[in-house]
Amino acid sequence: MNDLDAGSAPALRRLLDLLASGAATEDFADVLADARRQGAPAAVLSEIDDATWQALRVHRTMRQHRRREAELTALFDTAGDLAASRDLDAVLQAIVRRARMLLGTDTAYLTLPDEAAGDTYMRVTDGSVSVLFQTLRLSLGDGLGGLVAQNARPYATPDYRTDERFHHTGSIDAGVLDEGLVAIIGVPLLLGGRVIGVLFAADRSPRAFSPDEVALLCTLAAHAAVALDTARSLADTRAALAELNTANALIRAHSAAVQRAEQGHDRLTDLVLRGAEVPDVAAAVAALLGGEIAVLDAEGEPLAGRAAKAGGDGPAGAAAAARGEGRSVRHGTAWVCAVLAGQEQLGTLVLRGRPDLDDADRRLFERAGVVTALLLLLRRSVAETENRVRGELLADLLTAPDRDPAGLTARGRRLGVDLGRPHLVLVAEAGDTRDAGARSRLAGAAGRYLFGSRGISAEHGSAVVLLVPGGEGGAGRAGDGGAGGRAAGGTGGDDGSGQDAAQRAAGEAAERLTRLAGFPVTVGAGRPAAGPVALAAAYREGLRCVRALRVLGRDGEGASARALGFLGVLLGDGHDVAGFVRATLGPLLAYDARRGTELVRTLRAYFDCGGSLTRAKDELHVHVNTVVQRLDRVEVLLGGDWNAPERALELQLALRLQLLSGG
C-alpha cells in the first residue's frame with residue numbers, strides 16, 4: 001500500500017460507516033474538514049473529497065430508495081384498505097392521512113362536488129384546526145380546487161395568498177387564512193376522464209412541491225377515486241338488492257293475496273251453492289281476513305256478529321260514505337262496506353280487528369258484501385213469495401173465520417203458521433187510507449219489518465194486518481222485549497200481561513214502520529189470541545184501536561185497547577172492566593185496603609158533587625179540612641193531573657164501573 005492510500009484509508013472507512021448508519025448529509029462534510037485540520041497532504045485531501053462526493057451520491061440514492069419504499073408501502077396499505085374495508089369514510093380518511101404523512105405537510109384534505117347544491121364541500125380533513133376551514137364550501141371554478149377540477153390537472157402553489165392563477169373569493173381566502181395555509185398542492189380524482197373530487201396537501205409555510213411529490217399525490221388520488229367508485233357501486237348494488245328484495249316481497253305478498261282471494265272466492269261460492277245463511281258468510285269471511293265481521297240490516301240492527309258501538313253516526317255514516325265511493329271505507333279502526341242491490345242499501349258489513357287492509361283483502365271484503373246482498377235478496381224473494389201465500393190465508397182468516405176454523409188451522413200449519421198458538425194482531429194504517437200507493441209502500445215496509453221472523457202480513461181493506469206469533473220479540477228479534485215475547489201469556493189473560501205486550505208491540509211497530517215507509521204509520525193492537533175466531537176478533541179490536549188513535553189525533557203512534565183507558569173498555573170485545581178499574585183506581589184501592597181509609601168514597605163524592613168541597617163534606621159527614629186532606633193524598637197517589645178533564649173522565653168512569661160491579 002502506497003502513502004496516498006495509507007493516508008486516505010481512515011477517512012474512507014469513516015465515510016463507509018456514515019453510509020451504513022444513515023447519518024445526516026452534514027456529517028459527511030466533517031470527514032474532509034477533520035483531514036484538513038490533521039494536515040493531510042493535498043493528494044490525500046483530493047482523494048477524500050472525491051470519496052465524500054461519491055458517498056453523498058450513494059447517500060442520496062439510498063434515501064430516495066427508502067422514501068420510495070415508504071411510498072410503495074403506503075400505496076400497498078391503501079390498496080389493502082380498499083380491498084378489506086366497506087366503510088368509505090375510513091378509506092378516505094386513511095388516504096388523506098397517508099398523503100399528509102408521505103408529503104410531510106401540515107394538513108391534507110379532500111373535496112367532493114355536491115350535485116344537489118351545485119358546489120363543492122370538504123369531505124375529509126387531516127391536521128386541520130379551523131372549523132371555518134373544515135366547513136368551507138366552494139363554488140364550482142373558485143380557488144385552486146376549481147382550477148384543478150376545470151383542467152383535470154395537478155396544480156401547486158408555493159404561496160396561495162399571492163398566486164393569481166386562480167379565482168380568489170372572500171369565503172375561500174377567509175378559510176385558508178383562518179387555517180394559516182400558505183403552500184398548497186391539489187390533484188384531481190379522475191374516473192373515466194371525469195373529475196369527481198380533488199385531493200390536497202398544504203403547509204403553513206412557503207414550499208415548492210417536487211415532481212415526485214406531485215406524482216405520489218396523484219397516485220393516492222387515484223386510490224381515492226377507486227374507493228369512491230367502489231362505494232358507489234356497492235351502494236348501487238345494495239339499492240338493487242333492496243329493490244329486488246322489495247319486489248320479491250311484493251310478489252310473495254301478491255301471490256299470497258291471490259291465493260287467499262281464490263280461496264275466498266271458492267269458499268263464498270260454495271256457501272252460496274249450499275244455501276248458506278248470512279251468518280255463515282260472515283263467519284267464513286272473518287276466518288279468511290283474520291278479523292271479526294258484523295252484518296247489519298238497513299236499519300243498523302245486527303243480522304250476524306256483534307253490532308258495532310261507535311260514536312257519532314257510527315257505521316251508518318261510514319256506510320253512506322262507502323255507498324258514495326262505491327267501495328269499502330275505513331271508520332276508525334274498522335272497515336265498513338255497504339251491502340247494495342242496485343241503488344238500494346240492504347245492509348252494512350263491519351270488519352273489526354284489521355286496521356290495515358291491502359287491496360286483495362279489501363276486494364275480498366267487498367266481494368263478501370256482494371255475496372251478502374245476493375243472500376239477502378234471495379231471502380227477501382222467498383219471504384215475499386211465502387208472505388203472499390200466507391197473506392191469502394190471513395185474508396181468508398179475517399174475512400170468514402167461522403166458516404171452517406179447522407180447515408184454516410190445517411191450511412196454516414201446512415204453510416208453517418200455527419194458528420193454534422197465541423198471536424198478536426197488529427193493524428197498521430197510512431196517513432191517507434185512500435192512497436193506494438201509500439198502502440202499497442206500507443205493505444212493503446211490513447214485509448221488511450217481519451223479514452227474518454215467522455210473522456205474516458197482508459193488505460186487508462184500508463189497512464195492513466200483521467200477525468206476529470207469540471214468543472218472538474219484535475218481529476223475530478230476540479231479546480228486545482217486543483210483541484211476541486210477552487204474548488205467550490195466552491188469549492188475553494186476566495192479569496193483563498198480554499195486553500202490556502200488545503201495547504209494547506204496537507208502539508215498536510208504529511215506530512219502525514214509520515221509519516221504513518217514510519211516512520207516519522198508526523198501529524192498533526188487539527189482545528193476544530189463538531184460533532181463527534179469536535184472531536178475527538182481535539183484528540176487529542185492533543182496527544177499532546187504530547181508528548180511535550187517528551180520531552184522537554195520534555197519527556204515527558201505536559196502542560192497545562188497554563192503553564186507551566176508558567176508550568179501550570168501550571172498544572175491546574172482552575170489556576175487561578175489572579182490569580180497567582184496577583189500572584185506574586189501583587193505588588187508591590190498595591191504600592184504602594191497607595190503611596182502612598175512604599179515599600175512593602171521598603173521590604166519588606167529590607165528583608158526584610160537581611167538585612164542590614162543601615157539598616162533598618156534607619155528603620161524607622166530615623169536616624171540609626178532612627176532604628181537602630183526603631184529596632191531597634189522592635193527588636200524591638194518582639199524580640198532579642188527576643183532576644185534568646181527560647183523566648177526571650177516566651176516574652169517574654172507573655168509579656161508576658166499580659160501584660156497578662159491587663166493588
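**Sheet, helix packing and cysteines**

Helix α6 (residues 143–151) lies across β4, β5 and β6, running at about 35° to β5. This is a predicted model, in which local features need pLDDT of at least 70 and side-chain atom pairs count only at pLDDT 80 or more, while totals for chains, interfaces and linings use all residues. Residues are numbered from 1 along each chain as its sequence is written, and side-chain values use heavy atoms, leaving out hydrogens and water. Helices (H or I, at least four residues) and strands (E, at least two) are DSSP runs, numbered from the N terminus.

**Sheet**
- Six strands form an open sheet in the order β3-β2-β1-β6-β5-β4, with antiparallel pairing (strands pair if DSSP finds at least two bridges between them).
- β3 (137–139) and β4 (155–157) are the edge strands, each with a single partner, so one side of each has no neighbour in the sheet.
- From one strand to the next, the twist averages 25°.
- Antiparallel strands β5 (residues 183–191) and β6 (residues 194–203) are joined by nine bridges.
- Ala183 has Asp203 of β6 as its bridge partner.

**Helix pair**
- Helices α19 (residues 613–620) and α20 (residues 624–638) pack at about 100°, with axes 8 Å apart (axes are lines fitted to C-alpha atoms over the stretch in contact, and angles run from 0 to 180 degrees between N-to-C directions).
- α19 is therefore roughly perpendicular to α20 (65 to 115 degrees).
- Residues in contact (heavy atoms within 4.5 Å) include Leu613 of α19 and Val624 of α20.

**Cysteines**
- The structure holds zero disulfides (pairs of cysteine sulfur atoms within 2.5 Å).
- Cys337 is buried at 6% relative accessible area, whereas Cys218 is partly exposed at 28% (buried is under 20%, exposed over 50%, partly exposed in between; 1.4 Å probe, protein chains only).

Methods: Angles under 35 degrees count as roughly parallel, over 145 as roughly antiparallel, 65 to 115 as roughly perpendicular and the rest as oblique.
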